[in-house]
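Visitor: I would like a close look at a single residue and its surroundings. Could you walk me through what you find there?

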Amino acid sequence: MASSSAPQHSSPPPSSSSSSTYYEIPWVEKYRPTKVADVVGNTDAVSRLQVIARDGNMPNIILSGPPGTGKTTSILALAHELLGPHCREAVLELNASDDRGIDVVRNRIKMFAQKKVTLPPGRHKLIILDEADSMTSGAQQALRRTMEIYSNTTRFALACNTSSKIIEPIQSRCALVRFSRLSDQEILSRLLTVLEAEKVMERFCIGT
Ligand SMILES: Nc1ncnc2c1ncn2[C@@H]1O[C@H](COP(=O)(O)OP(=O)(O)O)[C@@H](O)[C@H]1O
Ligand SMILES: [Mg+2]
């Protein structure tokens, strides 16, 4: 993933017919913060996540708030800070485009929770369930049991727009981290950073 401070261009695809044609990562991905500290706004939420990253004692968490406020970004950044090179084997990320019905919870999530992964002391495997409020209550009940059974080795991070759509027994097992809409000023300043890094004014506005 590209860092906000050191944006990267991907290599041209091998089949590229013109040497001047480069595939560019969409800016929304290219400038997705890779460190919790670089997430803009929501200072309370961000500082709570920074404490978790620093101390390493990850609870089960629910990140709730409107779309596009940095929930997925924050949890991915936290996973990297906690697990670094172990992320590949120690993190399972399922988003709304994955089936997360009761069978997936019973099979895929449970299998991952059972998997033995050697991690540094005090670290846990992490299951990220994006847009968890779209999971059926049957799937959430199964999730709750998996959460209980594998609490020694596995933590869960659920992102959702509305935490009230998460069943109460899961809510009560999770720390709730609330995100709210960014201010116009916060968004504007982030956009200006991107414009500057992409030299948009120089590239597109010369002579106008
Ligand atoms: N707080 C933020 N700080 C910096 N970039 C953000 C923030 N929120 C969203 N973005 C940008 O918007 C994109 C989508 O954000 P995302 O974390 O997926 O939002 P959510 O999960 O809350 O819907 C990210 O890739 C990032 O480029
Ligand atoms: Mg998201």
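Guide: Happy to, and let us begin with a side-chain pairing: Arg-155 and His-124 are joined through their side chains by a polar contact of 3.2 Å. Please keep in mind that this is a predicted model. The side chain of Arg-155 also reaches a backbone atom, the oxygen of Ser-151, at 2.6 Å. As for its place in the fold, Arg-155 belongs to strand 4, which covers residues 154-160.

Now to its charge. Arg-155 is buried, yet it has no salt bridge. The nearest side chain of opposite charge is that of Glu-148, and it is 13 Å away. A salt bridge would call for a carboxyl oxygen within 4 Å of a side-chain nitrogen.

Who else is around? Setting aside neighbours within four places in sequence, Arg-155 is in contact with Met-58, Pro-59 and Asn-60, and also with His-124, Lys-125, Leu-126 and Ile-127.

Stepping back to the whole protein chain, you will find nine helices and five strands. From the N terminus, the order of elements is α-α-β-α-α-β-α-β-α-β-α-β-α-α. Of the 208 residues in the chain, 43% are buried, and Arg-155 is one of the buried residues. Among contacts with a separation of 6 or more, 74% are between residues 24 or more positions apart.

How values were computed:
Residues are numbered from 1 along each chain as its sequence is written. Chains are lettered from A and ligands numbered from 1 in the order in which they are written. This is a predicted model: local features need pLDDT of at least 70, side-chain atom pairs count only at pLDDT 80 or more; totals for chains, interfaces and linings use all residues. Side-chain values use heavy atoms; hydrogens and water are left out. Helices (H or I, at least four residues) and strands (E, at least two) are DSSP runs, numbered from the N terminus. Buried means under 20% relative accessible area, exposed over 50%, partly exposed in between (1.4 Å probe, protein chains only). Lys and Arg count as positive and Asp and Glu as negative; His and the chain ends are not counted. A polar contact is a pair of N or O atoms within 3.5 Å; within protein, one must be able to donate a hydrogen and the other to accept it, and residues adjacent in sequence count only if both atoms are side-chain atoms. Contact means heavy atoms within 4.5 Å.
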